[in-house]
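Dear colleague,

I am passing on the structure below, together with notes on what was found in it. Please read them with the model open beside you.

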Amino acid sequence: MSKQQFTDRDERFIRRYQYGDDWVVAVDVGASDDAVDVDVVGTTAIVVVANEEGVSELEFELPDDASSITTNNGVLTIRG
């Protein structure tokens with residue numbers, strides 16, 4: 001297993017785990033599940049988060065095509 005961790009311009013943590021051919025990207029979006037909208041275009045994830053402070057957008061690259069996208073307790077998880 002390998003792990004990468006980085007932050008976006010809003011200091012939001014993004015972690016990527018690689019397990020052989022499988023991977024997981026986990027992002028602490030800090031918002032309720034219904035306030036998060038995710039679109040994947042090719043290998044680019046576009047995340048829009050609406051909260052009391054307004055709307056923020058986060059965009060990052062995925063290692064490959066996504067097979068599942070879930071949000072639970074403010075954590076976005078994308079698997080491939």
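Leaving aside its neighbours within four places in sequence, which residues is Ser-67 in contact with? Before the answer, a word on the basis: this is a predicted model, in which local features need pLDDT of at least 70 and side-chain atom pairs count only at pLDDT 80 or more, while totals for chains, interfaces and linings use all residues. Residues are numbered from 1 along each chain as its sequence is written, and side-chain values use heavy atoms, with hydrogens and water left out.

Ser-67 is in contact with Arg-79 and Gly-80 once those neighbours are set aside, where contact means heavy atoms within 4.5 Å. Although Ser-67 and Gly-80 are 13 residues apart along the chain, their C-alpha atoms are separated by 4.8 Å. Ser-67 lies in the loop between strand E6 (54-61) and strand E7 (68-72), and Ser-67 counts as exposed because its relative accessibility is 59% (buried means under 20% relative accessible area, exposed over 50%, and partly exposed in between, with a 1.4 Å probe and protein chains only).

As for the chain overall, the secondary structure comes to zero helices and eight strands, helices (H or I, at least four residues) and strands (E, at least two) being DSSP runs numbered from the N terminus. Of its 80 residues, 32% count as buried, and the chain exposes about 5,000 Å², of which carbon and sulfur atoms supply 42%; accessible areas come from the Shrake-Rupley method with a 1.4 Å probe, and for residues only the protein chains shown count as cover. Among contacts between residues at least 6 apart in sequence, 36% join residues at least 24 apart.

Three of the strands form an open sheet in the order E4-E5-E6 with antiparallel pairing, two strands being paired if DSSP finds at least two bridges between them. The edge strands are E4 (36-41) and E6, each of which pairs on one side only. E4 and strand E5 (residues 44-51) are joined in the antiparallel sense over six bridges, and Val-36 has Val-49 in E5 as its bridge partner. Between E5 and E6, which also run antiparallel, there are eight bridges, and these two strands form a hairpin with two residues between them.

Within this sheet, Thr-44 is found in strand E5 and stands opposite Glu-61 in E6. The side chains of Thr-44 and Glu-61 make a polar contact at 2.7 Å (a pair of N or O atoms within 3.5 Å; within protein, one must be able to donate a hydrogen and the other to accept it, and residues adjacent in sequence count only if both atoms are side-chain atoms). Not counting residues up to four places away in sequence, Thr-44 touches Asp-39, Glu-59, Phe-60 and Glu-61. Thr-44 counts as buried because its relative accessible area is 16%.

Lastly, the aromatic rings: the count comes to one aromatic pair, given that rings of Phe, Tyr and Trp (its six-membered ring) pair if their centres lie within 6.5 Å, with planes under 30 degrees apart counted as stacked, over 60 as edge-to-face and the rest as tilted. Tyr-17 and Tyr-19 form this stacked pair, at 6.5 Å centre to centre and 20° between the planes. Tyr-19 is partly exposed because its relative accessible area is 41%.
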